[in-house]
Structures are given as C-alpha cells and as structure tokens.
Amino acid sequence: MTSTATAVNPVLRVAPAAPAEAAAYFRASLVFHADVSDVAAALSAGGDPGFVVLDSRSTESWDQGHIPGAIHLPTALIPEQAGQLLDRSVPVVTYCWGPGCNGATRAALALAELGYQVKEMLGGFEYWAREGFEYETWEGRTRRDADPLTAPVDAEDCGC
C-alpha cells in the first residue's frame, strides 16, 4: 500500500495497532463490558448466573421498563445504599437507557470506587428491548418483537 493511499483513506489515516497491542486492548474491553445477549443468555440459563444486574436509572424510567430480577439503584444513591443492596463478593452488571447514555458508566465507576467488581452492559435497556428480551413494567411483564437490525430473525443467537 502506498503512503498516498493511506493519506487519503480515512480508515487507515491512523495505522492499526500492532496485533499484540490490539489483543491487549480488546481483552481489556471485555473485562469492562458485557453485551445484552450475553447477559440475557446467562440469566436464562437457570441457576445462579454469578452476577447481579443493576438498573441505575430513575424510578420513572424503572417503572417504564426494566430487566426482570434487576436491582434498582439510581446512580446518585449508590454511595449511601449499595452496601445494603449488594454483596461485594458478587460482580455487578450495570445498565441505563442505551448507547446514548453514560449513566451505566457513572454507576459502574461509583461501584468500583466502593470496592465492587463491575461490568457495564453495552446497549442498555434500549437494546434489551430491541433484541426482544422480556422486561417488566409497572403493569407486568412484556416483550417486543426483535428488531432485525439488532438481532437475527430466525436464530437463537447472532453467532458472535
């Protein structure tokens, strides 16, 4: 590849990392994040998934819809209430609205600063609902049809 092609190509304007650096980066990313499908699979497998799910949104948001079995703890209340609701020996997976919201990141930071093992669920509640997983509202349990842009139409999983 010529340097002229690299200069005009916006993808390669900054060269990719060396494979070892890329592997370290992506491995570290998986330490901090879980996706909606993996969380759903672990929760539906039966038995103890080995983690708890924490919804860090407001009560109004929680009432609008949340993951069944999740713990509701708005981010602002984490410092004063986490010790009463969570066991420090059990990893916590945080979520908020979706990719356009960093509330789950703020909640994960607050929990980590208090000594909890924590991951952030990528996609948040938006992708939970869009992928067709069951959720609870103040009226009871419901689910939407899976959005074909976020989940396969006729398969158990995406094969990722």
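Start by selecting C96 and C101: the sulfur of C96 is 3.3 Å from the closest cysteine sulfur, in C101, too far for a bond, since a disulfide is a pair of cysteine sulfur atoms within 2.5 Å. A search of the whole structure finds zero disulfides. C96 is buried, at a relative accessible area of 3%, whereas C101, at 25%, counts as partly exposed. (Buried means under 20% relative accessible area, exposed over 50%, and partly exposed in between, with a 1.4 Å probe and protein chains only.)

A word on the ground rules before moving on. This is a predicted model, in which local features need pLDDT of at least 70 and side-chain atom pairs count only at pLDDT 80 or more, while totals for chains, interfaces and linings use all residues. Residues are numbered from 1 along each chain as its sequence is written, and side-chain values use heavy atoms, with hydrogens and water left out.

**Stop: the sheet**

Switch to a cartoon view and color the strands. In what order do the five strands of the open sheet stand? The order is β1-β5-β4-β2-β3, with parallel pairing. β1 (33-35) and β3 (71-72) stand at the edges with a single partner strand each, so one side of each is left without a neighbour in the sheet. Helices (H or I, at least four residues) and strands (E, at least two) are DSSP runs, numbered from the N terminus; two strands pair if DSSP finds at least two bridges between them.

Now step across the sheet, pair by pair:

- Select H33 and E120: β1 and β5 run parallel and are joined by three bridges, and H33 stands opposite E120 in β5.
- T94 has E120 as its bridge partner in β5, and V93 has K119.
- Go on to V53: β2 and β4 pair in the parallel sense over four bridges, and the bridge partner of V53 in β4 is V93.
- Finish at D55: β2 and β3 run parallel with two bridges between them, and D55 stands opposite H72 in β3.

While the side chains are on display, remember that in a regular strand they alternate between the two faces of the sheet.

**Stop: helices on the sheet**

Contact means heavy atoms within 4.5 Å.

**Stop: the nonpolar cores**

Show side chains for V39, V53, I67, A70, Y95, M121 and W128. These have the most contacts inside the largest nonpolar core, which has 16 residues. (Such a core is a set of buried Ala, Val, Leu, Ile, Met, Phe, Trp, Tyr and Cys residues joined through side-chain atoms within 4.5 Å.) The elements giving two or more residues to this core are α3, β4 and α7 (124-130). Center on V39: leaving out residues up to four places away in sequence, V39 touches A34, F51, V53, V93, M121 and W128. Apart from this core lies another, of ten residues, among them L54, L73, L111 and Y116.

**Stop: I78**

Select I78, which lies in helix α5 (residues 78-85). Is I78 buried or exposed? I78 is buried, with a relative accessible area of 0%. Beyond residues up to four places away in sequence, I78 touches L73, A107, A110, L111 and L114.

**Stop: P68**

Move to P68, in the loop between α4 (59-64) and β3. P68 is buried, with a relative accessible area of 19%. Neighbours within four places in sequence aside, P68 is in contact with E134, Y135, E136 and R141.

**Last stop: helix α2**

Finally, select residues 19-32, helix α2: at 1.5 Å a residue, its 14 residues should span 20 Å, and its end C-alpha atoms are 20 Å apart, which agrees. (The expected span is 1.5 Å times one less than the number of residues.) Of the 14 residues of α2, the number buried is one, so α2 lies largely in the open.
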